[in-house]
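Hello,

Here is the structure I promised to hand over. Please open it and keep it beside this email as you read.

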Amino acid sequence: MPAPGENLRINADRLWDSLMEMAKIGPGIAGGNNRQTLTDEDAEGRALFQSWCEEAGLTMGVDEMGTMFAMRPGTDPDALPVYVGSHLDTQPTGGKYDGVLGVLAGLEIIRTLNDLDIKTKHPIVVTNWTNEEGTRFAPAMLASGVFAGVLGQDWAYDRVDAKGKRFGDELERIGWKGEEKVGARKMHAFFELHIEQGPILEAEGKDVGVVTHGQGLRWIECTVTGKGQHTGSTPMYMRRNAGRGLARVTELVHEIALQYQPNAVGAIGQIDVYPNSRNIIPEKVVFTVDFRSHILETLEAMVQELNETAPGICADIGVNFKSEVVGFFDPPAFDETLVGRVRDAAERLGYSHMDLISGAGHDACWVNRVYPTTMVMCPCVDGLSHNEAEEISKDWARAGADVLMHAVVETAEIVG
């Protein structure tokens, strides 16, 4: 199929203005966003996105997980749609671009095609996946996981937040539970543009990341149990300090990840200490280990080593260790044909580029299980993300969206 001409470019100012307008909804306290999934702010962001889609002549569909699908028809009623998108929900202290760039760049593709009166054989559908972040309702990529058949819908509905509120109830409360069966849609292909969330592209001076693989991950929730005692009156040799167990496991996780360089990372993120009082020795610590690698065997080996070693190093200091995998996906290899189109588009448009492995999980990683999928990435300043100081430039957004548009339009096939 013929590639789009080099003069086909998005309107970077319009895309940037849309990003800034969406950022006004659910503002954070330090310049970013707090638009967590299924909150009132999420509902407001969805409504703004829907209004923009309707202005662009798109038809909106919503499935039972609340995922939004805005379709521009193609000339062939039997041709499967090309999907493009990401997510609008954010971390509690999220940035203005994580996920949002991918959704609004998809909308910008439609606006540009409308401006130029370009028709495609395949429909193009701009997508906003529900609960990609997983910060309020674990796990991450919840709706795309149900779509791909990896997670059960009833199980997803029963996820609860820190206040005990159910995902299913909150979805109905904000008015975004659709009637469309999850997974009923068939895809010709799926594309996702995202900021890198890491420092590689900026450090290498590249405009575009051609994503060939995603990292698999395992989230292991660990509990170290000791004995809560007075910090002032308990002799050191009689202490069963769960906090000390956390310290030992923290160092263990770091050592395990170092063994598998350069193909693995690992750290402990979320930590809850009980009773969390300044004068009580911690009696229990619950924390999550995050292991990632694009090599499945490496990922599994790291989890195995943690589970074999951590109980012993905790027992040595009189505390108990147990663990449970609470989040997972295996490393995806993206569709070679689509990856090639992204690479060719970057070359054709004159943008510097390099192959890249996604260090973070994305909805594309689940969709890849069932349909041809790939990703495009743009740099972010200092690799900073999941932080209100997250920043990109308009030129980086332009480059990523231009490459995305060319790959999407080539796949959707220009008519005439």
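Predicted model: local features only at pLDDT ≥ 70, side-chain atom pairs only at ≥ 80, totals over all residues.

Eight strands make up an open sheet. Their order is β1-β2-β5-β3-β6-β13-β7-β12, and the pairing is mixed. As background, strands of a sheet pair through backbone hydrogen bonds, either parallel or antiparallel. Which strands stand at the edges? They are β1 (59–62) and β12 (353–358). Each has a single partner strand, so one side of each has no neighbour in the sheet. From one strand to the next, the twist averages 25°.

Now look at β12 and its pairing with β7 (residues 208–214). The two run in the parallel sense, over six bridges. Find Val-211: it stands opposite Leu-356 in β12.

Helices on the sheet

Helix α2 (residues 40–55) lies across β1, β2 (68–72) and β5 (124–128). It runs at about 10° to β2. Helix α3 (residues 100–116) also packs on the sheet. It touches β2, β3 (82–86), β5, β6 (189–195) and β13 (373–378). Its direction makes about 155° with that of β5.

A helix pair

How do α1 (residues 12–22) and α12 (residues 394–412) pack? Their angle is about 110°, and their axes are 10 Å apart. That angle makes α1 roughly perpendicular to α12. The crossing is right-handed. From α1, the contact uses Ala-12, Asp-13, Leu-15 and Trp-16. From α12, it uses Lys-394, Ala-397, Arg-398 and Ala-401. Five of these contact residues are nonpolar, three are charged and none is polar.

Best wishes

Conventions: Residues numbered from 1 in each chain as written. Heavy atoms only, no water. Axes fitted to C-alpha atoms, helices over the stretch in contact; angles between N-to-C directions. Helix = DSSP H or I, 4+ residues; strand = E, 2+ residues; numbered from the N terminus. Parallel < 35°, antiparallel > 145°, perpendicular 65-115°, else oblique. Left-handed = near helix turned anticlockwise from the far one by under 90°. Contact = heavy atoms within 4.5 Å. Nonpolar A, V, L, I, M, F, W, Y, C, P; charged D, E, K, R; others polar. Pairing = 2+ DSSP bridges.
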